[in-house]
Amino acid sequence: MTPTIVPEVTLSSCDMTMPVIGMGTSSYPKVDPETAKAAILEAIRAGYRHFDTAFIYGSEQDLGEAIAEALRLGLVKSRSELFITTKLFASFAERDLVVPAINMSLRNLQLEYVDMYLIHWPFKFGKMVSSMPVEKGVLLPLDIKSVWEGMEECKRLGLARGIGVSNFTSEMLEDLLSIANIPPALNQLEVNPLWQLKKLREFCKAKGIHVTAYSPLGASGTRYGENKVLGTKVLQDIAKSKGKTTAQIALRWVYQQGVSLITKSFNKERMNQNIDIFGWSLTEEELDEISRLPQQKTIIFASIVGPHDVVRQIDAGL
């Protein structure tokens, strides 16, 4: 099978390109290392070149092993063919812990640099956390100025080619832009046809911040997600008329918003379907029909870390 050629988007603030579709490596419950490694190698064969991980996922080592194996097998000729994103865990969201944290991730990944390093969550944990939800008093506001200084140092040291954020509201981005010497390249957000975040996406576009969508299918199969996106009749009807899967319609809609996306499946058939969203498009009528879908917000942070006051404020701002 010929690998799919994935288009790339230019990240203007850091003068680099990024494949518009990536493979996510989080799983709940976590799959065994050999299963994860095999899925990543299969994804590379299918044409994926962007891989998304995070310290909290526990998948950095699996991804690092898969990259090393892909190079040995000749599936990619060099590290530079891949775009690797990882994220700063909330327990390390302090100025003096950021560089040690990325170095720990780089050791896990067996890499000298990552292409994108993101502040994973817009809050910090007051101690090391190994399970969710967290107890009261552990979750604290983020000191964005000092933490971003650490992120900028990662870029200056060549440990990350680009730096950005995840789950930041417009207000948080305003605060960050007011103090940043290096602006964030992107904001990774939950975006799908039932949670479109139009105003936040418009804000990011106006500020030159690219948006990447996680959970573009509504986090189906996760402990905090639901199957509402894939169960949406409008999407199902469009899929039937075009001879596509409902998932492909949802993913193509995200792509046509100018948003890149992180998909996640360890199933070979779905993995190939998820990347097969190029070479065809949704019509203006179909896009308009999807844009009018009732919005059904996922209260993601409260679901994962617990209903803390800081979390409620963030969820309310998204």
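Contact here means heavy atoms within 4.5 Å. The model is predicted, and in it a closed barrel of 8 strands with parallel pairing runs in the order β3-β4-β5-β6-β9-β10-β11-β12. From one strand to the next, the twist averages 30°.

**Strand pairing**

- Strand β11, made of residues 210–214, pairs in the parallel sense with strand β12, made of residues 260–263, and the pairing extends over 2 bridges.
- Ala213 is the residue that stands opposite Leu261 in β12.

**Helix packing**

- Helix α4, which covers residues 144–156, lies across β5 (83–88), β6 (114–119) and β9 (160–166), and it runs at about 155° to β9.
- Helix α2 (residues 60–73) packs against helix α3 (residues 98–109) at an angle of about 45°, and the axes of the two helices are 7 Å apart.
- Given that angle, α2 and α3 are therefore oblique to each other.
- On the α2 side the contact is made by Glu60, Gln61, Leu63 and Gly64, and on the α3 side by Ser105, Asn108 and Leu109.

**Nonpolar core**

- The largest nonpolar core has 100 residues, and those with the most contacts inside it are Phe51, Leu88, Tyr117, Ile119 and Phe125.
- Not counting residues up to four places away in sequence, Tyr117 touches a set of residues including Thr86, Leu88, Val98, Ile102, Met151, Cys154 and Ile163.

**The position annotated as a binding site**

- In an unreviewed entry, UniProt lists His120 under "binding site", and His120 has its place in the loop between β6 and β7 (123–125).
- His120 counts as buried because its relative accessibility is 6%, where the cut-off for buried is under 20%.
- Apart from its neighbours within four places in sequence, His120 is in contact with Ala54, Ile56, Tyr57, Lys87, Leu88, Ser166 and Asn167.

**The position annotated as an active site**

- The UniProt annotation "active site", likewise from an unreviewed entry, covers Tyr57, a residue found in the loop between β4 (50–52) and α2.
- Tyr57 counts as partly exposed because its relative accessibility is 21%.
- Once its neighbours within four places in sequence are left aside, Tyr57 is in contact with Thr25, Ser26, Lys30, Asp52, Lys87 and His120.

Note on methods. Residues numbered from 1 in each chain as written. Predicted model: local features only at pLDDT ≥ 70, side-chain atom pairs only at ≥ 80, totals over all residues. Heavy atoms only, no water. Pairing = 2+ DSSP bridges. Helix = DSSP H or I, 4+ residues; strand = E, 2+ residues; numbered from the N terminus. Axes fitted to C-alpha atoms, helices over the stretch in contact; angles between N-to-C directions. Core = buried A, V, L, I, M, F, W, Y, C linked by side-chain atoms within 4.5 Å. Buried < 20%, exposed > 50% of the residue type's maximum accessible area, 1.4 Å probe, protein only. UniProt positions renumbered as here; feature names shortened; annotations may be inferred. Parallel < 35°, antiparallel > 145°, perpendicular 65-115°, else oblique.
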